[in-house]
Amino acid sequence: KGITFAMKYSLVAIVAAASAEAAMGFAPVAPASRSGVLALRAQDAQVSRRGVIATFGAGAVLGLPGAASAALKPCPADSKNCWSAEGPAKNVVPKWSFPAGMSQKDALAGLKEVLDAYPKDGQGGVDLGGWSIAEEKDGYVRYEFKSGLGNFAKFFNGNKPFVDDFELEVGDGFASIRSASRVGASDFSVNAKRINYIAASLKAKGWNAEGVKA
């Protein structure tokens with residue numbers, strides 16, 4: 001009794017905001033009041049994290065533009081040994097567009113063909129320890145590239161080669177990548193040289209694949 005439209009709207013807005021926060025893992029959804037005409041069933045007020053993200057996307061829940069990659073992460077802030085399609089701005093790798101009419105399946109096969117041709121003994125003085133596929137699933141592949149055993153590896157990495165992770169994910173019309181060193185504060189442009197070599201190989205196959213500044 002005496003409940004105005006504005007009060008009802010405010011309550012709905014509060015419940016929706018709390019549900020969105022819970023969906024993104026920020027806070028649990030508090031049970032809605034059960035008194036009088038404002039009683040709401042808890043199961044109706046709560047929105048599952050999986051349901052919100054699957055239906056609207058994380059960006060929609062928070063009002064952010066664009067859709068983030070399902071697998072690739074942004075580089076850490078101020079990183080000097082990481083490049084990613086997910087940014088931040090100074091570390092971003094433009095997404096690589098494959099030729100019109102090419103399917104995602106064929107695009108992934110083409111990417112793997114280029115990477116399979118990457119010299120096992122390295123190129124441009126980088127990746128002298130070779131590479132291998134570490135993980136592969138549903139349009140996503142992660143490679144491990146290794147440096148040679150030089151003085152840096154002997155003194156700073158327990159006489160083991162440094163390992164970089166090169167990840168790729170194929171979407172609708174484009175591929176996203178991330179290349180990053182696991183340890184250290186710098187990489188002496190190793191990741192950039194790797195990215196640019198692969199981008200040049202894809203360009204030769206008709207892709208629109210831009211490199212980065214080494």
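Predicted model: local features only at pLDDT ≥ 70, side-chain atom pairs only at ≥ 80, totals over all residues.
Seven aromatic pairs are present in the structure. One of them joins Trp-131 and Tyr-143 in an edge-to-face arrangement, with the ring centres 5.8 Å apart and an angle of 65° between the planes. Trp-131 belongs to strand β3 (residues 131–137) and Tyr-143 to strand β4 (residues 140–146), so this pair ties together parts that lie 12 residues apart in sequence. Trp-131 has a relative accessible area of 11% and is therefore buried; Tyr-143, at 0%, is also buried. Both rings belong to a cluster linked by ring pairs, which comprises Tyr-118, Trp-131, Tyr-143, Phe-145, Phe-166 and Tyr-197.

Lys-120 lies over the face of Trp-131, 3.8 Å from the ring centre. Arg-194 lies over the face of Phe-145, at 4.6 Å from the ring centre.

Ser-84 is located in strand β1 (residues 82–84) and is buried, because its relative accessibility is 0%. A polar atom of the Ser-84 side chain lies 2.8 Å from the backbone oxygen of Lys-73. These two residues are 11 positions apart in sequence, with a C-alpha to C-alpha distance of 7.2 Å. Beyond four places in sequence, the contacts of Ser-84 include Lys-73, Pro-74, Cys-75, Asn-91, Val-92 and Val-93, together with Ile-177 and Arg-178.

Val-190 is part of helix α7 (residues 190–203). With residues up to four places away in sequence left out, Val-190 touches Val-126, Asp-127 and Asp-164. The C-alpha atom of Val-190 is 9.3 Å from that of Ala-180, a residue 10 positions away along the chain.

Definitions and conventions:
Residues numbered from 1 in each chain as written. Heavy atoms only, no water. Helix = DSSP H or I, 4+ residues; strand = E, 2+ residues; numbered from the N terminus. Buried < 20%, exposed > 50% of the residue type's maximum accessible area, 1.4 Å probe, protein only. Contact = heavy atoms within 4.5 Å. Polar contact = N/O pair within 3.5 Å; in protein donor to acceptor, adjacent residues only side chain to side chain. Phe/Tyr/Trp six-rings, centres within 6.5 Å; stacked < 30°, edge-to-face > 60°. Lys NZ or Arg CZ within 6 Å of the ring centre and 35° of its normal.
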